[in-house]
Amino acid sequence: MITRRVQYELIARAAGPLLMTINRWQGDLKRAVRRVTGRGPARKAAPFGPPLESTRKLKDLMTMHYLTGRYADGAVPVAWVTSGFPVEILRPSGFFTVYPENHGAVCAVRRMVPELSEAVEKQGYSRDLCAYARCDLGSVVTGKTPAGRLPRPDLLACCTNICQTVLYWYRALAEHFKVPLVLVDTPFVYGEAKPHHLQYVRDQLHELRTVAERVSGNHVAPEELEEILKVSLAGTRLWDACLKTGRTKPSPWTGFDSFIHLAPIVSMRGTEECNAYYRILLDELQDRARRGVPGIANERVRLLWDNLPIWFNLRELATLLAEHGFNFVCTTYTNAWAEAGGLIDPADPEGSATRAYIHVILNRDLPNKLRTMKRMCTEYDVQGAILHSDRSCKPYSIGQIDLKDRLAQELGIKALILEACHADQRAYASEQGEMRIRAFMESFDQATPS
Amino acid sequence: MSDAAKAVALGVDAGSTTWKAVAIDATGAIVASLVEPAEPRIGAQTERAVAVLRTQAGADAAVPLGATGYGRKRVAAARSLTEITCHARGAFARMRRPGVLIDVGGQDTKVIRIGAAGDVADFSMNDKCAAGTGRFLEVILGRLHVPLGEVAAFAARAERSVLVSSTCTVFAESEVVSLVAEGQPVEGIVKGLHAALASRVAALAGTMPQDGGVFMSGGVALNPAMVEALAGALGRRVEIVPDPQLVGALGAALAVRP
């Protein structure tokens, strides 16, 4: 335990930062050599605007996160957590948190999901299950991960506010790791949450505090929890401010950038490192907005994206759209981490966390989603929307045909439903997908034909 | 050739089953056309056939070429547009009014809502399997040894339609084998296949408001049994766009017309 702790602290405080610094120097050196000699791979600018400088810091931050994670088990308590879990309750107990969904996105970007998924499909898991779940379970079974190694959990923390699949997925993890599973069950909200719904969730959060203390062995003073909530709220507000720079014309970044820069608010929410990063990103975005530096070179048509991204096809899709002057300036997915978190009130930890986590977009009815989309369409002044019908995320995809029709009828927004999967490229027909997107873009450019 | 009939633009629709091309005059009328089975080497086929068309229409190399269809990227020196845009343009040019256009192609089925200005107001396509496409009919009719040219006659002779429950091309093929083995009449099975395909297409069309006309383009529109089955499934009259097979190529030509 002591050895592991020393190793962990050494990585987190000395070796890791040193590695990042060396990496940065190497990068700077390469760029300087390129500038002087004019050799080497020139960065392909068009059809995008100048790249965000913050991205390098994001890479450092996430690399450090996964690097320290390799040495976390045995050194500090480790929890594996769903993306919508009220993680603020766990943080004061000193948990290192792993987000299998974020890890799944990394696997998807590296196009590793089919390989990991097949490992558990052989065990009988259906290909119809969420690709994140299959990928995570496959990574656990095979030990393969682009992160090098994921720390073994001491606690599994699952909240049903994003879907019901997480419950069965985390039960499978609990069975595998033989560790406790805490469940925060959030009743689906039609309209507004009823008092008994709030009480039901609040009771679970109260119980969660006890479990967190027991598993970690760390007693938490009330002011420590309040402090974490303050940090979390500040992080949410910073992320919200970053997203809102997309209202500027042209937008200083793209929705695809926002998918990438989402990682800290998902997996490091409630930490100072997360907030420090978003201060840097916000400064850069606001500066770009002021100076008119665009996310794509020629922003002609502004779009909204609904649902998770298609991680394995992110670059191709971004390029195809940008080449024709189409830019995602807002997405309901990235907005989800800016919206409900704003309900956090450090003075009322359990009560406000209950309200925040029960009111996430996926745990609310379709009228709420329509209202959110309409508000975003207006505030970001978009002309079109792409609704990703995600084979791996049914709760997010249900009702999209109606949403599409209502956006067209009520706001004159042209919308396309694009069938794909957020992580498993076997479920995406790229030729057909590209054809649909091209047809969608052409429909904005039609002169009155004869 | 008179001035009015002088070709001002060419359009190619390199589909998965059939290769089509038209030459149009300044009024948008078709002055020459070609329809051939699609060859695996689309680029070579296009080069040869476009040369033939240019000769037929008296169109020199300066006459612009528009291309659509799955092979459009293999058509050299052409402006490339999707079938959605081209079918809408071609159909609107012929029908002169808004409506819902159904194009049952070899590889996919498209339902396009054409707006009042001839624009694509909305569209929907079958998902990535072959169910609901022309290929569905082609594969299963091949299994039944029914020539494509005689399909409508076969269906017309059927005393009753035999239910083909699966719309998956692969499963339907094995289902049809079983039906034949049970002694079901081929004519009834052919009629049943049309009903199965029509119900699939109607479900796709059902996602769009059908307040205007319902039009049909593509090679499958030349099959009266399919048009009848589709009208039955939709409960609406289905109007065939003139020269239905050429609608995509016409749209591609209109898009590049000077």
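The side chains of A:Glu9 and A:Arg13 form a salt bridge, with N and O 2.5 Å apart. A salt bridge here is a side-chain nitrogen of Lys or Arg within 4 Å of a carboxyl oxygen of Asp or Glu. By this rule the count over all chains is 47. The model is predicted: local features need pLDDT of at least 70, side-chain atom pairs count only at pLDDT 80 or more, and totals for chains, interfaces and linings use all residues. Residues are numbered from 1 along each chain as its sequence is written, chains are lettered from A and ligands numbered from 1 in the order in which they are written, and side-chain values use heavy atoms, with hydrogens and water left out.

- A:Glu9 and A:Arg13 both sit in helix H1 (residues 2-37) of chain A, 4 residues apart, about one turn of the helix. Helices (H or I, at least four residues) and strands (E, at least two) are DSSP runs, numbered from the N terminus.
- An α-helix has 3.6 residues a turn, so residues three or four places apart point the same way.
- A:Glu9 is buried, at 18% relative accessible area, whereas A:Arg13 is exposed, at 65%. Buried means under 20% relative accessible area, exposed over 50%, and partly exposed in between (1.4 Å probe, protein chains only).
- A:Arg426 forms a salt bridge with A:Glu118, the closest N and O atoms being 3.4 Å apart.
- This pair links distant parts of the chain, 308 residues apart. A:Arg426 lies in the loop between E8 and helix H18 (430-442) of chain A, and A:Glu118 in helix H4 (residues 113-121) of chain A.
- A:Arg426 is partly exposed, at 23% relative accessibility. A:Glu118 is also partly exposed, with a relative accessible area of 36%.

- The side chains of B:Glu187 and B:Arg157 meet in a salt bridge of 3.8 Å, N to O.
- B:Glu187 belongs to helix H6 (residues 186-205) of chain B and B:Arg157 to helix H4 (residues 151-157) of chain B, so the bridge ties together parts 30 residues apart in sequence.
- B:Glu187 counts as partly exposed at 22% relative accessibility, and B:Arg157 is partly exposed at 49%.
- In chain A, salt bridges that share partners join A:Glu118, A:Glu121, A:Arg127, A:Arg134, A:Asp424 and A:Arg426 into one network.

**Interface of chains A and B**

- 29 residues of chain B are in contact (heavy atoms within 4.5 Å) with 26 residues of chain A.
- The area buried between the two chains is about 2,200 Å², and carbon and sulfur atoms give 50% of this. Buried area is the accessible area (1.4 Å probe) that two parts lose on being put together, summed over both.
- The rule finds 3 salt bridges across the interface. The side chains of A:Glu434 and B:Lys73 meet in a salt bridge, 3.2 Å from N to O.
- Helix H2 (83-95) and strand E8 (120-125) of chain B each supply at least two residues of the side of chain B that touches chain A. H2(B) gives the most, with 6 residues.

**Strands of chain A**

- Strand E7 (residues 384-390) of chain A is mostly covered, with 6 of its 7 residues buried.
- Strand E5 (residues 301-306) of chain A pairs with E7(A) in the parallel sense over 4 bridges. Two strands pair if DSSP finds at least two bridges between them.
- A:Leu303 stands opposite A:Gly384 in E7(A).
- E7(A) also runs parallel to strand E8 (residues 414-420) of chain A, joined by 7 bridges. The bridge partner of A:Ala385 in E8(A) is A:Ala415.

**Helix H3 of chain A**

- Helix H3 (residues 100-109) of chain A is mostly covered, with 8 of its 10 residues buried. Among them are A:Glu101, A:Asn102 and A:His103.
- A:Arg111 follows H3(A) and has a positive phi, near 60°.

**Nonpolar cores**

- In the largest nonpolar core, of 155 residues, A:Leu90 and A:Trp239 touch the most other members. A nonpolar core is a set of buried Ala, Val, Leu, Ile, Met, Phe, Trp, Tyr and Cys residues joined through side-chain atoms within 4.5 Å.
- Apart from this core lies another, of 40 residues, including B:Leu197 and B:Met216.
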